[in-house]
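Below are a few exercises, each with a solution worked step by step.

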Amino acid sequence: MSATFPTQAQVVIIGGGINGCSLAYHLTKLGWKDVVLLERKKLTCGTTWHAAGLVAQLRATHNMTLLAKYTAELYRGLEEETGQATGFRQTGSLTIASSTERFEELKRSASMGHCFDVEVDVLTAQQAGEMWPLLNIDDVVGAIHIPKDGMCNPIDTTQALAKGAKMGGASIYENTKVLAVHQTQGRVTGVTTDKGDITAEYVANCAGMWSREVGKMCGVNVPLHAAEHFYIVTEPMQGMTPDLPILRDLNGHAYYKQDAGKLLLGAFETNAKPWGMDGIPEDFSFDSLPEDWDHFEPVMEKAIHRLPALEDAGIQLFFCGPESFTPDDRYLLGEAPELKNFFVAAGFNSVGIQSAGGAGKVLASWIVDGAPPMDLWDVDIRRMAPFQGNSRYLHDRTIEALGLLYDMHWPFRQFESARGIKRSPLHDRLLAKGACFGENTGWERPNWYAPEGVEPKYEYSFGRQNWFDYNAREHKAVREGVGLFDQTSFAKFLVQGKDAENVMNRICANDVSVAQDKIVYTQWLNERGGIEADLTVTRLGEDQYFVVTAFATEYRDFNWLKKNIGEDDHCTVTNVTSGYAVISVMGPNSRDLLSGLTSADLSNAAFPFGTSREIELGYALVRATRITFVGELGWELYIPTEFAVAVYDLIVEHGQKFDLQHAGYHTLNSCRIEKAYRHWGHDITDEDSPLEAGLGFAIAWDKPGGFTGREALLKQKETGTTRRLVTFALKSPEPLMYHEEPIFRDGVKVGSTTSAMYGHTVGASIALGYVENEGGVSKDFVESGDFEIEVAAERVPARASLRAFYDPKHERIKI
């Protein structure tokens, strides 16, 4: 497309699908013109060209929905801006439910849409049938309609973005294959192509299903795998009018759209077919894959039930093409933790068309400004663990991942494929105690314990699931007696060096210039004052600190810590997560239980809250840390891995005298929500400040040297905040909240929930959520209003408080 091949560029984009072209377009919108896009064959030739072109607006979280809404707005005006047709039409979408459980899911989605100002209407089966006359509604329970959803032509839309990028100064080179990615001292420096070398300040990997291989060129982990995606296009059918909305029958694993008087029927079936295990053919371009009618037939049978007219329709096209999927069905975006200035936008899990506009916009801002413009943790590539690039793992997980798009989205649903990867040394012991394990980032963690004679297996629902009463029993034990948690999955970092104190004080908002064996609860902030991490720091010695953070943010937090250590700082950080198992003993009887196993004085006077010491326990030396995430007296025991089983056996044997109960992560969550303890990624993110989150007590405003984010917080402190994290408890004990439910004050929507769980001591479903008010969110504002939470399209009265509903004065943790 562009005549003279360049030797340098500010940004090189690898891949000419819709996401690469969107990134180029948005970089030029920000004023960057020295942008070069390289495509191995022709634009859209990988997966973009055969996409169905659906443009939905409602996604699983607030920011993902904002990005999807932006995409629709962008596509609406792109033809006028560039002169290139996109085929974009806002036909709306109709999603039907053929079971009460699915209708509950759809109604909860509608409520979530109301949080984000997405127009969503809940319909009866009759209304759905009127909207889609060919629809068999005999077994339809209800539906939702989103009027502003739409569709586009993926090839034309990509060409419009490419044209817009060139109008802004970018250059695009087709038939140009990238052969290598270069780096120096941990920073990307350019690429080698089959037409020559290009030096570059930034490189963006937008190579679609080739992204994993491009990542390998420079040591960057991009976990994705291709899967076969099937659809058919019929001969012209009567009733296929242009005004028909996109139809989704999730229980039938199918979507339908009108296509020039024909019907396109696509599938997201269970037990998908991974593809490309032996590599993608060198000449792959606008290619399709072999038909497999046996695989598609079950979907077709359900489709004929849903649209009886299909039985007599001719099939014009039976298509199969590859699309790439990630291990958790969320795409990969952002700067790679392994290589500075190397960015990734890949693995779009069949939602690339509807995601491309927003993803390109925020990634361009991230490149230009050096930081993400909003909370992008849902899709941040730093959530991925190194092992997730394992080819066998990706193959096995992809079999499940494709179908999950249309499967029931149950609360607490666990992946079933590629399990048993990362296990605590206590795993077999806990299994024998009836543990039901959940999985996240490879870790097998006990979520709840089944009593003897009960199979530890989830039975999902939107109401009280089969483990609810077992959770209540564990919760009661922790509140009134003593419980044992396995928290081995905690991420643990050792920070060392003569400059360790200065480095940590610069990164931490709280003051870590404390005595040895003291624990500091702190946040790591960005320059905007947003919370990048929420964790504890223990001083081990003059030049040593021990950082403990959440398992899910292990690689993100490690990356943040490393990149904030200056080149001249005498300071190193080591990930020691695998070196320590963690057993937490929590509850009013925890002191008595542990005192019988150690010579250490665990009294409140000798071992106050916020203290961490190495003690003898059995034959082992363990680090006992007096802190809590459940709101009770207790200790986290950090045990060298090889000693863990022996220490566990000793605690369990001695614990019989105290009726020690094993407790899982659901109990950890139900206890922490009663205490209004914040959870990073839900209640606090890099968009939220400590002042908004009610964490001002953890800020050391006047410590020498200050800290990252201080100036932004001082400004916010001076001007005041207009939003605040508030605790809610439903007045009715029956409904259950989960997250992203709209919050109303005196009938006016003022916010949405961020996380929720049933609090067994309080006796109600409890949630945290941000409330917004231009005049500020004061104690009086909260207490003087009548609050309601919308749960599954119905408003439920709720109590609201700026303090925890359980032990608001924190007396129990300090006894």
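Helices (H or I, at least four residues) and strands (E, at least two) are DSSP runs, numbered from the N terminus. Keep in mind that this is a predicted model, where local features need pLDDT of at least 70, side-chain atom pairs count only at pLDDT 80 or more, and totals for chains, interfaces and linings use all residues. Residues are numbered from 1 along each chain as its sequence is written, and side-chain values use heavy atoms, with hydrogens and water left out.

**Exercise 1.** Work out how many residues of helix 16 are buried, and what they pack against.

*Step 1.* Apply the cut-offs: buried means under 20% relative accessible area, exposed over 50%, partly exposed in between (1.4 Å probe, protein chains only). Helix 16 (residues 665-674) then has 9 of its 10 residues buried; among them are Y665, H666, R672 and E674.

*Step 2.* Look for contacts, meaning heavy atoms within 4.5 Å. The buried residues of helix 16 pack against helix 11, strand 22 (443-449), strand 23 (483-486), strand 36 and strand 37 (764-772).

**Exercise 2.** Find the strands that pair with strand 36, and describe the turns.

*Step 1.* Start with burial: 10 of the 12 residues of strand 36 are buried, so the rest of the structure largely encloses it.

*Step 2.* Two strands pair if DSSP finds at least two bridges between them. Strand 35 (residues 742-745) pairs with strand 36 in the antiparallel sense over 4 bridges, with I743 opposite G751. This hairpin has 2 residues between its strands, and D746 in the turn has a positive phi of about 50°.

*Step 3.* Strand 36 also runs antiparallel to strand 37, joined by 8 bridges, and here A756 faces A767. The hairpin of strand 36 and strand 37 has 4 residues between the strands, and G763 takes a positive phi near 80°.

**Exercise 3.** Describe the largest cavity and its lining.

*Step 1.* Set the rules. On a 1 Å grid over the protein atoms alone, a cavity is a set of points where a 1.4 Å probe fits but cannot get out; lining residues have an atom within 4 Å of a point. Grid points are joined across faces, edges and corners, and a volume is the space filled by probe spheres set on the points.

*Step 2.* The structure holds 5 cavities of 30 Å³ or more, and the largest has a volume of about 110 Å³.

*Step 3.* Its lining has 14 residues, with F412, L736, Y738, M757 and Y758 nearest the centre. Helix 11 (468-480) and strand 36 (748-759) are the elements that give two or more residues to this lining; strand 36 has the largest share, 3 residues.

**Exercise 4.** Why is strand 4 described as largely enclosed, and which strands does it pair with?

*Step 1.* Strand 4 (residues 93-97) has 5 of its 5 residues buried, so it is largely enclosed by the rest of the structure. S93, T95 and A97 cover one side, L94 and I96 the other, and all are buried.

*Step 2.* Strand 4 runs antiparallel to strand 6 (residues 142-146), with 5 bridges, and A97 stands opposite G142. Strand 4 runs parallel to strand 13 (residues 246-249), with 4 bridges; S93 has I246 as its bridge partner there.

Technical notes:
On a 1 Å grid over the protein atoms alone, a cavity is a set of points where a 1.4 Å probe fits but cannot get out, and a pocket is an open set with protein on both sides within 12 Å along at least five of seven lines; lining residues have an atom within 4 Å of a point.
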